[in-house]
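Trainee: I would like a close look at the aromatic rings in this model. Please take me through them step by step.

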Amino acid sequence: MKKSALVLVLFMTLLFSCSSDSSASDSPVVVATSVLVKKITTSDSSGKLLVTTTFSYNGNKIVSESWKQNSFNMGTDVGYSYRMDYTYTGNLITNTKVYLTPLGQAERLNNSTNFIYDGNENLISSVREQYFDSFKMILKVLYTKIDTNTQEYKMFTIDSRDNIETPIYNGKIVFDVNRNIIKMGTIDVSNSFSTFEYDLKSNPKKNILGFNKMIYFDSPPNFSVIYLKPHLDRFNTVLKTNIPGYYPTNNQYTYNGDGYPIENKEYYEYNGDKLNAIFQYFY
């Protein structure tokens, strides 16, 4: 992979943030008193099962999140399975590690991210190491709180082969009163902001401790520096997304009696709505 190509793709995709190290067992267990999603299935428009995601917890603290591909129509990582392990310090997620298991091969560490917070539990920086065969790429993000609903950040990459820190771009994030991300993007390029709309119902991951502090998140099946997305699993469910360079999407949910989704049909908006995927949630 050439560094120049990597930087170009990073400019054209929404990126992920990360950052410190500790163990979930180092702090008292927070007793689960609220709804926690245990499994999510992803199917294509015909109903064919593609991916099963399972979650394990220690109280309201997430221990791990695992993805298993149930179909070979999943792109380049055919037959891969993935697991993300979470580490807490107190009630904050301070490290994530992603392990992948290629079909017929042993599990290996793919990336590790450390998260650092200030005394008010605001995320101030993250450092992610992505491991390749003979080198690693580091993605560093520095966050600055502007006001209650606005945050800016600066993003850098570092190639272990030369240790040169390369600025990528300056970004801005806008939150609503529930800390949902409603707008984000780079302030260096015009017309590059993504926007998101929500309803008033509960996100299936709403009650996972520390999840509302995360800004970006890895997107399977390709856990890689260039495949990242904004972390929208915060408080409410997402109705619409509009990301430059991608088709806008809208979501149609079915809820249970407690106001949590049990199904989401995701549609792409082009030439009329086209059903893209079906998600089912189990608690």
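Mentor: Start with the surface of the chain. The model is a predicted one. Of the chain's 283 residues, 48% count as buried. The secondary structure comes to one helix and 18 strands.

Now the rings. Searching the whole structure gives 10 aromatic pairs. Take F55 and Y57 as one of them: their ring centres are 6.4 Å apart and their planes meet at 15°, so this pair is stacked. The reasoning needs two cut-offs: centres within 6.5 Å make a pair, and planes under 30 degrees apart count as stacked. Next, ask where these two residues sit. F55 has 9% relative accessibility, so F55 is buried. Y57 has a relative accessible area of 19% and is buried too. The cut-off for buried is under 20%.

Move on to Y247 and Y270. This aromatic pair is also stacked, with 4.1 Å from centre to centre and 20° between the planes. Look at where the partners lie. Y247 belongs to the loop between β15 (236–242) and β16 (249–255), and Y270 to the loop between β17 (261–269) and β18 (273–282), so the pair ties together parts that are 23 residues apart in sequence.

Y143, Y153 and Y169 make up one aromatic cluster.

Charged side chains meet rings here too. K140 lies over the face of F156, 5.5 Å from the ring centre. R179 places its charged end over the ring of F175, at 3.9 Å from the centre of that ring.

D162 is in the loop between β9 (150–159) and β10 (164–175). Its relative accessible area is 37%, so D162 is partly exposed. The side chain of D162 reaches the backbone nitrogen of I164 at 3.0 Å. D162 can also be placed against an aromatic residue, F135. The two are 27 residues apart in sequence, and their C-alpha atoms are 10.0 Å apart in space.

F55 is buried, and so is Y57.

How values were computed
Residues numbered from 1 in each chain as written. Predicted model: local features only at pLDDT ≥ 70, side-chain atom pairs only at ≥ 80, totals over all residues. Heavy atoms only, no water. Phe/Tyr/Trp six-rings, centres within 6.5 Å; stacked < 30°, edge-to-face > 60°. Buried < 20%, exposed > 50% of the residue type's maximum accessible area, 1.4 Å probe, protein only. Helix = DSSP H or I, 4+ residues; strand = E, 2+ residues; numbered from the N terminus. Lys NZ or Arg CZ within 6 Å of the ring centre and 35° of its normal. Polar contact = N/O pair within 3.5 Å; in protein donor to acceptor, adjacent residues only side chain to side chain.
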